[in-house]
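Hello,

I am passing a structure on to you, and the sequence and model follow just below. After that come my notes on what turned up in it.

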Amino acid sequence: MGLADKAIKSDVHTNLVPLRSKDRIYGGWDFLAVQICFGIAAWFFLVGSLTGLTVPAREAVPIILFGNAFPLLLIAVLAVVFARYGVEHWQGSAAVFGHRLKDVWLLVYITSSFGWIAYASFLFGQSAMRFLEPLGAPAALTEGSRGAILFAICATALGAFVAYLGPTVLKWFTRTAAIFLLIVLVFFVWVVLTRFGLGEVYAAEPAEPLETTAWSRASAIEFNVGLGLSWAFWYGQWTRLARSESGAFHGCMWGWGILAATAGIFGAFVALATGIYDPSEWIATLGGGFAALGLLLFAVANISSVTALVYPMSVTLRTRFPKLPWALAVVVCSAPAVLLENPTVFENYGVYLAYIALLTGTYGGIMVADYLLVSRGVHAWQLRDIYVTGPASRYWYTAGFNPAALIATIAGAAFYLWTLNPYTWTSGNGLFPYITAGLPSYLVSFLVYAALMRVWILPQRDADLLAGRVTAVSRETERPTAAAR
Amino acid sequence: MTTANEPREPGGGSHEVQRLDMPGLDETLRRDLDGRICEFEESHQRDVVQGGAGWVPRIRPVDYAVAIAVNAVIVIWLIVVLLGGE
């Protein structure tokens, strides 16, 4: 067994087994630094650009801060719960959703993450195309979208390959790339401030506002809330490594929130000053003599983003299916993203963010309700039942599905789609310009889940446990074996 | 490790009555996992049920207060801007 194989096997072991205090590697400041490196990436530049195209600067700044900080406050307790129990994110989710519904959400997590991979890869493709254009590369690679698509596929393959190599290569690659992105960010902040100045940025009108001011504002909030809520799928993978619940809480709260959102504010300023959405285009336009270097650094940073997504997804999948070969896990968690790597998807980032808000708002509402109002005191999570898959587990619920979580999922998602159809960007109930959609659907899922658990599922589960009916199901399944003996 | 055959309390530890039966686990991994769960059940489960710490020190109310205060400032800023009071 090679070193990389050993490291990956060790990661799968570490991912599956609850981590003790002495296994934890991140103190408070370490954790903050790690989350900034993981968080600050192409998607913040893109959401900033989108916001700057939709609303003026004086609205864009508080909207970006609100959209990337307030949702994190709403879901911040997820950092605490996984630090407390040390369990992997999706393993722990079984306590809330039931073992089989958790698997459905695991599938949603992996498939929805293909979008993040696709955006980072396509940005690599755009950067590579613009980098090669002045070097006299063939027109097939630099004109239209063919070159960008081809390079995007290469970026996905390269990012997946780095993920395949294992955690040591990954660690150094992502650290280096985070520094590259910071260099790009600092340099272009200086360029924008010296070339345009804050006065001009604040006086600029957005290039692509929606039909009314209310729709523009609500849409800009929704884009950012989508990114803010998206972290709901990524807590446990990291916070189970924290040495304290406080460190886990603050690292995610600020690292993924206000600090990483500075990249979004900068993206908004550039979009307002230039009317350009694509970061690779403004690097080429504003970079002057440093444009080529900027594009190169940005391209490498996007491969790092792909790797930083594919690796934890693959480890999670392998943890769920321990016999799955590592190479296959990496392919399953990366290859389908290629289908999304095209200009249509790239130009509809807002639609993607809305779908992400739908999914993660619903998921986050249920998980947070469970922590705050359900799994307290005697109902605190029981680790063993999280790992026992079958009727003997208290988290088996009804055939592996928690009916309360299922109904809350449907209620939250239905309310979202009634309030905002992400595909047509219309509101069925007309409420979207006033209340947006992601945050209210979070609230709907939260309330429905908490109410159903308190009045229906918990009393029933307690009665079953006290009467031994949960374990009786297990005895039933063992009778044929006993009889055969 | 025996299989399930006893009534259980809602908040009670259950390691004496259930065997880990996750699909795909090899025996080494199952043993490690079982040991780790037993350690939590013996050392931390009672604390968690009583509102205490799990594996690591528990979060303090001041942590929540700081986050709420910062977000309150951002929310007020946003409301002021959207109402056109700037």
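The lining of the second largest pocket divides into 16 nonpolar residues, eight polar ones and two charged ones. Keep in mind as you read that this is a predicted model. The space in this second largest pocket comes to about 550 Å³. Its lining has 26 residues, and those nearest the centre are Asn348(A), Tyr349(A), Gly350(A), Val351(A) and Tyr352(A). Five helices of chain A give two or more residues each to that lining: H3 (42–54), H7 (99–132), H12 (213–230), H18 (343–347) and H19 (349–374). Which helix gives the most to the lining of the second largest pocket? That is H19(A), with seven residues.

Now to the largest pocket, which holds about 1000 Å³ of space. It is lined by 35 residues, and if you want to find its centre on screen, look for Tyr26(A), Leu170(A), Trp238(A), Leu241(A) and Tyr311(A), the closest ones to it. Here the lining divides into 22 nonpolar, eight polar and five charged residues. At least two lining residues come from each of these helices of chain A: H1 (3–16), H2 (28–39), H10 (167–195), H13 (235–239) and H16 (291–320). With nine residues, H10(A) gives the most to the lining of the largest pocket.

Along the principal axes, the C-alpha atoms of chain A fill a box of roughly 80 × 55 × 40 Å. How does the radius of gyration of chain A fit with that of a compact globule? A compact globule of 485 residues would have a radius of gyration near 23 Å, and chain A has 23 Å, so the two agree.

Two more figures describe how the chain is packed. Of the 485 residues in chain A, 63% are buried, where buried means under 20% relative accessible area. If you take the contacts in chain A between residues at least 6 apart in sequence, 85% of them join residues at least 24 apart.

Last, the surface: chain A exposes about 17000 Å², and carbon and sulfur atoms supply 68% of that area.

Best wishes

Terms used
Residues are numbered from 1 along each chain as its sequence is written. Chains are lettered from A and ligands numbered from 1 in the order in which they are written. This is a predicted model: local features need pLDDT of at least 70, side-chain atom pairs count only at pLDDT 80 or more; totals for chains, interfaces and linings use all residues. Side-chain values use heavy atoms; hydrogens and water are left out. On a 1 Å grid over the protein atoms alone, a cavity is a set of points where a 1.4 Å probe fits but cannot get out, and a pocket is an open set with protein on both sides within 12 Å along at least five of seven lines; lining residues have an atom within 4 Å of a point. Grid points are joined across faces, edges and corners, and a volume is the space filled by probe spheres set on the points. Helices (H or I, at least four residues) and strands (E, at least two) are DSSP runs, numbered from the N terminus. Ala, Val, Leu, Ile, Met, Phe, Trp, Tyr, Cys and Pro count as nonpolar, Asp, Glu, Lys and Arg as charged, and the others, Gly among them, as polar. The radius of gyration is taken over C-alpha atoms; the globule rule is 2.2 Å times the number of residues to the power 0.38. Buried means under 20% relative accessible area, exposed over 50%, partly exposed in between (1.4 Å probe, protein chains only). Contact means heavy atoms within 4.5 Å. Accessible areas come from the Shrake-Rupley method with a 1.4 Å probe; for residues, only the protein chains shown count as cover.
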